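Work through the exercises below with the sequence and the model open. Each task is followed by a solution in steps.

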Amino acid sequence: MTGPTETIAKILVPILVVCLLIVFWQVGVWVSGVPQYILPGPIAVSGALFKDWGTLSPALWVTTKITLMSLGLALLGGVGIAVALVQSKWIEIAFYPITVILQVTPIVAIAPLILIYSPSTQVALLICAFLVAFFPILSNMVQGLKSVDHNLLNLFELYGASRWQTLLYLKLPASLPYFMTGLRIGGGLALIAAVVAEFAAGSAGAGSGLAFRLLEAQFRLNIPRLFAALFLLSCLGVVIFAITSFISWLALHRWHESSLKREN
């Protein structure tokens, strides 16, 4: 199979599988006669998505904004703190356990405290999403900065490179694959945390995201709208993963083993 044909097949095959699953879903609903308030078919979900787009689209934008902002803050914080931690063994020993504690503490448990001390609900949601997305980026970045070939470190030291030159020209480029892994993981976790935080916050009104629309549809037994909101969340997650994967490919495909195309 040639290169272009293989690329087209990789795109078309998953789309075909998804389309077949949707067809089976609709046929199953028709055959079983399940009412819409228990399991709506894809046609009913599409109708709800079209009819309620004026309600769902602002909520989608709110969730997207919180997710991207929290991911951006997690990238800045994770990389910055990782660089600071690897500068000294004692700094890492002193502060790394604190980041672990923040990570292993369930976000649902600390969300009420964040809501109390935050100036607004949106800020609280942003903090919650940031805390969840932050640790994978930090952990992968620390591991990448500490996994540099010691022979290269000795070579830089032999040529009299300063600590910042070693960091800029050796450690940061060498840790790029680890950073990209953390980016892909953090992107998905930021979306999950934004939804979970909104569930915990119970936010409502014009500035609410898709999580509230899910709860609202559940309380009103508007199951087609609930599935429509789930569909939008899934699409948002797929888009975030696709973008982060593309960024990773752009950064690594010319030189790193994980992205180089091999004949065998």
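For the first exercise, Ala, Val, Leu, Ile, Met, Phe, Trp, Tyr, Cys and Pro count as nonpolar, Asp, Glu, Lys and Arg as charged, and the others, Gly among them, as polar. The model is predicted.

**Exercise 1. The largest pocket**

Describe the largest pocket by its volume, its lining and the helices that supply the lining.

Solution. 
- Step 1: The largest pocket holds about 410 Å³ of space. Its lining consists of 13 residues, and Ile 22, Trp 25, Phe 231, Ser 234 and Cys 235 are the closest to the centre.
- Step 2: At least two lining residues come from each of helix H1 (3-32), helix H2 (42-51) and helix H11 (223-252). H11 gives the most, with 6 residues.
- Step 3: Sorted by class, the lining has 11 nonpolar residues, 2 polar ones and no charged ones.

**Exercise 2. Cysteines**

How many disulfides does the whole structure have?

Solution. 
- Step 1: A disulfide needs two cysteine sulfur atoms within 2.5 Å.
- Step 2: For Cys 19, the closest cysteine sulfur belongs to Cys 235 and is 12 Å away, which is too far for a bond.
- Step 3: The search of the whole structure returns 0 disulfides.

**Exercise 3. Aromatic pairs**

Classify the ring pair of Trp 25 and Phe 227, then that of Tyr 96 and Phe 135.

Solution. 
- Step 1: Planes under 30 degrees apart count as stacked, over 60 as edge-to-face and the rest as tilted. The count of aromatic pairs comes to 4.
- Step 2: The rings of Trp 25 and Phe 227 are 5.9 Å apart, centre to centre, with 40° between the planes, and the pair is tilted. This pair links distant parts of the chain, with Trp 25 in helix H1 and Phe 227 in helix H11, 202 residues apart. Trp 25 is partly exposed at 28% relative accessibility, and Phe 227 is partly exposed at 24%.
- Step 3: Tyr 96 and Phe 135 have ring centres 6.2 Å apart and planes at 40°, so this pair is tilted. Tyr 96 lies in helix H4 (residues 89-104) and Phe 135 in helix H6 (residues 121-146), 39 residues apart. Phe 135 is buried, with a relative accessible area of 15%.

**Exercise 4. Salt bridges of Glu 216**

Which residues are linked with Glu 216 in a network of salt bridges?

Solution. 
- Step 1: Arg 213 meets Glu 216 in a salt bridge of 3.0 Å, N to O. The two are 3 residues apart in helix H10, so about one helical turn separates them.
- Step 2: The network links Asp 52, Arg 213, Glu 216, Arg 220 and Arg 225. The structure has a count of 5 salt bridges.
- Step 3: Glu 216 is buried at 13% relative accessibility, and Arg 225 is buried at 11%. Arg 213 is also buried, while Arg 220 is exposed at 60%.

**Exercise 5. A backbone angle**

Where is Leu 221 placed, and what is its phi?

Solution. 
- Step 1: Leu 221 is in the loop between helix H10 (210-219) and H11.
- Step 2: Its phi is near 55°, a positive value in a residue other than glycine.
- Step 3: Leu 221 is exposed, at 59% relative accessibility.

Key: Residues numbered from 1 in each chain as written. Predicted model: local features only at pLDDT ≥ 70, side-chain atom pairs only at ≥ 80, totals over all residues. Heavy atoms only, no water. 1 Å grid on protein atoms, 1.4 Å probe; cavity = no way out; pocket = protein on both sides within 12 Å on 5 of 7 lines; lining within 4 Å. Points joined across faces, edges and corners; volume = space filled by probe spheres on them. Helix = DSSP H or I, 4+ residues; strand = E, 2+ residues; numbered from the N terminus. Phe/Tyr/Trp six-rings, centres within 6.5 Å; stacked < 30°, edge-to-face > 60°. Buried < 20%, exposed > 50% of the residue type's maximum accessible area, 1.4 Å probe, protein only. Salt bridge = Lys/Arg side-chain N within 4 Å of Asp/Glu carboxyl O.
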